[in-house]
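Try each task before reading its solution.

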Amino acid sequence: MKKVVKSIGLAGYLAIKAKGRAGGICMMWSNALDVEIIEFNSHIIAIVIKEEYCSWSLIGFYGPPYRAKRKKAWENLYALLESISGPWVCVGDFNVVVEDSKKDGGFSGNSFTWSNKRWGKDCIRERLDRGIANISWRLTFPKAAVYHLGAISSYHCPLLLDTNLVDNFSPRPFRFEAMWARDPRCSEVINEAWKVNVSGPDCYKELANKIEEVQRRDTTEANAIVEARMQAEMSKWLIMSRLRRVLPKLISPCQSAFIPGRWIAENQVIVQELLHSFKKKKVNGGFVAMKVDLQKAYDRVN
C-alpha cells in the first residue's frame, strides 16, 4: 500500500487489511492537510480535517454485503455519527438500496453505481454507493456535489466529492437591436469601432485591412461585390473562432475524426475491445455485432 500511496503523490494513509479476498478499506490524504484519525475498524475509517475556517469530519464506510453483519456495522456507524458534534460527511459503499426507485437527488452522473457486469436479462444495476452529510456540513459547503464517475476495472463506480464547486457562467452573446439604428449617434459609434486595432491571427488582420482599403475606394458595383465577399469571409472567421471554444461540448465524444486531440483509429481499438469482451463473457444465446456502413464524412472532402 505504501507504494501505491507514493505513486499517486500522497503522504498520509490508513489501511485496514483484507481477510482473504473479502473486505479491506483504505483512506489516503495529502500532506498539505491537517488530519486527525478519530476511529477505524474493518468497516469505518473516520478522520477530522482541520482547515483555517472550520474543522469537519470525513467518514469512509463499507457496508457488509451479508445481512447478518450489516446490522452491527450500521449500528456502529450511527453511534459514531451521533457522537460527532460538528459538520460531517460520510461517503462509501453502503451495500444497500435506500429507496425502491433508486433515483434521488444529491449526485451527478449515472443513476447506478454498481453493476454485475452481465448482459441482457442477467444485467443487474443498483445504486449502492453514496454520500450523506448533516445539515451543518451542507451549510459549510453549500456548493458541494457528488459525481458518479465511470467504472473501468471495478463493479463499482468511483465517487468524486467536490467541496469547492466553481460556477461556470457563459458571457451573454452580443445581439444588435434594431432601435439602435434610429439613434443619431449610431453611425459615430460604428465608425469609432472600425478604427480600433484588430487583434487576432495574421490572416485575420490582413483581411480586415483589405476590407478597410476597399471601403476607401469609390462606391461602385464592383467594389461593393468585393467588399461583400470579404465581409462574408470575415463572418466565417468570427464564427469559427467562437465555435472553436465550445466544439468539444457540442460534438459527441464518439466522433473521433477531424477533431483536434482525437484519433480516428480509436474506433478500431474500441471495436477490438468489444469483440474481445464477447469472447470472455458467456451468456445464453451469445452476442451479435452489427456494422452499419454509413457514408463517411471524408468521402466528400476536397
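The exercises below concern a predicted model, and each one comes with a worked solution.

**Exercise 1. The chain as a whole**

Find how many helices and strands the chain has, and what share of the residues is buried.

Solution. Start with the secondary structure: there are seven helices and 12 strands. Next, take burial: of the 302 residues in the chain, 23% are buried. Finally, look at contacts with a separation of 6 or more: 43% of them join residues 24 or more positions apart.

**Exercise 2. A residue in strand 4**

Decide whether I44 is buried or exposed, and list what I44 touches beyond its sequence neighbours.

Solution. First locate I44, which lies in strand 4, residues 44-50. Its relative accessibility is 1%, so with the cut-off for buried at under 20%, I44 counts as buried. Leaving aside neighbours within four places in sequence, the contacts of I44 are I25, E39, I59, G60, F61, N76, L77 and L80. Pick N76 from that list: N76 and I44 are 32 residues apart in sequence, while their C-alpha atoms are 8.7 Å apart in space.

**Exercise 3. Counting salt bridges**

Work out how many salt bridges the model has, and describe the one between K50 and E36.

Solution. The count comes to four salt bridges. In one of these, the side chains of K50 and E36 meet with an N to O distance of 3.1 Å. K50 belongs to strand 4 and E36 to strand 3 (residues 34-40), so this pair ties together parts that are 14 residues apart in sequence. Now check accessibility: K50 is partly exposed at 36%, and E36 is partly exposed at 38%.

Two further pairs are worth a look. R185 and D183 form a salt bridge whose closest N and O atoms are 3.0 Å apart; R185 is exposed at 56%, whereas D183 is partly exposed at 29%. For E213 and R217, the closest N and O atoms are 3.7 Å apart, with E213 partly exposed at 42% and R217 partly exposed at 40%. N223 itself sits in helix 6, residues 221-250, and is buried at 14% relative accessibility.

**Exercise 4. A histidine and its polar partner**

Identify which backbone oxygen lies 2.7 Å from a polar atom of the H148 side chain.

Solution. Begin with the place of H148, in strand 11 (residues 145-148). H148 is buried, with a relative accessible area of 7%. The oxygen in question belongs to the backbone of N110. N110 is also one of the contacts of H148 outside four places in sequence, a list that includes F107, T113, R127, D129 and P158.

**Exercise 5. Cysteines and a nonpolar patch**

Determine how many disulfides the model has, and which residues make the nonpolar surface patch of about 490 Å².

Solution. A disulfide is a covalent bond between the sulfur atoms of two cysteines. The count here is zero. As for accessibility, C26 is partly exposed at 32%, whereas C186 is buried at 15%. The patch is made by F174, F176, M179 and W180. Of these, W180 is found in the loop between strand 12 (159-162) and helix 4 (186-195), and W180 is partly exposed at 34%.

Notes
Residues are numbered from 1 along each chain as its sequence is written. This is a predicted model: local features need pLDDT of at least 70, side-chain atom pairs count only at pLDDT 80 or more; totals for chains, interfaces and linings use all residues. Side-chain values use heavy atoms; hydrogens and water are left out. Helices (H or I, at least four residues) and strands (E, at least two) are DSSP runs, numbered from the N terminus. Buried means under 20% relative accessible area, exposed over 50%, partly exposed in between (1.4 Å probe, protein chains only). A polar contact is a pair of N or O atoms within 3.5 Å; within protein, one must be able to donate a hydrogen and the other to accept it, and residues adjacent in sequence count only if both atoms are side-chain atoms. Contact means heavy atoms within 4.5 Å. A disulfide is a pair of cysteine sulfur atoms within 2.5 Å. Patches are made of residues with over 30% relative accessible area and no salt bridge: like charges are joined within 9 Å, nonpolar side chains (Val, Leu, Ile, Met, Phe, Trp, Tyr) within 5 Å. Accessible areas come from the Shrake-Rupley method with a 1.4 Å probe; for residues, only the protein chains shown count as cover.
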